[in-house]
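This explanation follows two residues of one chain, one after the other. Please keep the sequence and the structure at hand while reading.

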There are 2 protein chains.
Amino acid sequence: MSTKTTIALLSGGLDSATATALAVEAGQKVIGLSFDYGQRHKKELTAAQELAKHLNLFEHHVIGVNLATWGGSSLTDLQQQVPDKGIQNGIIPNTYVPGRNTVFIAIGLSLAEARSAEKLVLGINAMDYSGYPDCRPDYLHAYQKLANLASKNGREGAGTRLWAPLINWSKLQIVQEALRLKIPINRTWSCYKGEEQPCGVCDSCRIRNEALINSGREDLCSY
Amino acid sequence: MSTKTTIALLSGGLDSATATALAVEAGQKVIGLSFDYGQRHKKELTAAQELAKHLNLFEHHVIGVNLATWGGSSLTDLQQQVPDKGIQNGIIPNTYVPGRNTVFIAIGLSLAEARSAEKLVLGINAMDYSGYPDCRPDYLHAYQKLANLASKNGREGAGTRLWAPLINWSKLQIVQEALRLKIPINRTWSCYKGEEQPCGVCDSCRIRNEALINSGREDLCSY
């Protein structure tokens, strides 16, 4: 039987690196897909390219889709400040990028259909996150239904399956899995800002560093 | 009450021009959105820009997203021939672009959310079409459910509504409505090929020309 293909959305951060490494470990032919979407900085794209090499991906594409054209987020509009005072429960922070996951998954499904890929693997995580509406299981279930109707193969029950292995994991579990998979954690980039070093105070740095401390790997912290 | 915003996906073809004109006629503030997706030719983008001016749209964006990176369609892969022998029932022709509508609607929803748009208007039509799986009502219903879950406003019942006014119209009805709306039909571009004149024999030209003849406007035919 020929090796099955998986498309992996690879942001350059810890979560998508871990999800991608799980697909590689499962023996699939993995094609990485990253996005130059007009984000604040390109550090995560550099990290994604390094990770694609480290994980020995079959191919790696970087696709441009300039969501900064209309902004609406501190990650795509330099006039907005990235929050650094910690997560406020129940409030969607301005780091939420309108429609970003919907766009990225759609482009991933396009590549998946063109290559008859069995799976599209996503690093989406609904636990230790910042309250984004498009990181929740009901969102992903609805996307799977859409994907099934969007293509001929999907209508026949043989379309691409969205696979979000980390969706219900804590960030600590993700860190532990990343360590087991020998992901070079210090080469992944999670910080929302694009300074020389991770800022340590944006939501993404805070969640990541707390998990690293709890895993006993404070040495990998970004501050 | 302030004027409500509608995002209109404008391909440069007849259907999306008609749908967009209906949104303009409804008195909404209409923002046009077109895609440079690595298509065979740029004639439709030139037409989209002309139509945006003709319809006096509030803004018009052209966003690049290069689906030709992986091809999988005669519209994004010049090695594949555009079929010219007529529509074959039950067979999805190679002009189908994997994931295209899913990607375009996703990007439209991103713009819609950034601008708090009430509607996203689509020229999608399920009747006189070439059998694409992503032009059917069940696909659009599934996309509406996804859109409702993708954003905070959507979860609160105030998200963007997908509006496909032509979905159940025949091409003849679309032509008649386009004539009523005074759309410069001969400035829209539907031909799959990008030659100096429309080819007259691809599926898109055939469907369009048949409707124009039936409407008594053979003079507007493209051959």
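A residue counts as exposed when its relative accessible area is over 50%, and as buried when that area is under 20%. The model to which these terms are applied here is a predicted one.

Take K85(B) to begin with. K85(B) is found in chain B, in the loop that runs between β3 (59-64) and α3 (100-114). Its relative accessibility is 71%, so K85(B) counts as exposed. The side chain of K85(B) makes a polar contact of 3.2 Å with the side chain of D84(B). Setting aside neighbours within four places in sequence, K85(B) is in contact with V201(B) and R206(B). The C-alpha atom of K85(B) is also separated by 7.3 Å from that of C202(B), although these two residues are 117 residues apart along the chain.

Now turn to H41(B). This residue sits in another loop of chain B, between β2 (29-36) and α2 (43-54). Is H41(B) buried or exposed? With a relative accessibility of 8%, H41(B) falls under the 20% cut-off and therefore counts as buried.

The surroundings of H41(B) can be described through its contacts. Not counting residues up to four places away in sequence, H41(B) touches W189(B), C191(B), Y192(B), K193(B) and G194(B). For one of these, K193(B), the backbone oxygen lies 3.3 Å from a polar atom of the H41(B) side chain. The side chain of H41(B) also reaches the backbone nitrogen of K43(B), at 3.1 Å.

Definitions and conventions
Residues are numbered from 1 along each chain as its sequence is written. Chains are lettered from A and ligands numbered from 1 in the order in which they are written. This is a predicted model: local features need pLDDT of at least 70, side-chain atom pairs count only at pLDDT 80 or more; totals for chains, interfaces and linings use all residues. Side-chain values use heavy atoms; hydrogens and water are left out. Helices (H or I, at least four residues) and strands (E, at least two) are DSSP runs, numbered from the N terminus. Buried means under 20% relative accessible area, exposed over 50%, partly exposed in between (1.4 Å probe, protein chains only). A polar contact is a pair of N or O atoms within 3.5 Å; within protein, one must be able to donate a hydrogen and the other to accept it, and residues adjacent in sequence count only if both atoms are side-chain atoms. Contact means heavy atoms within 4.5 Å.
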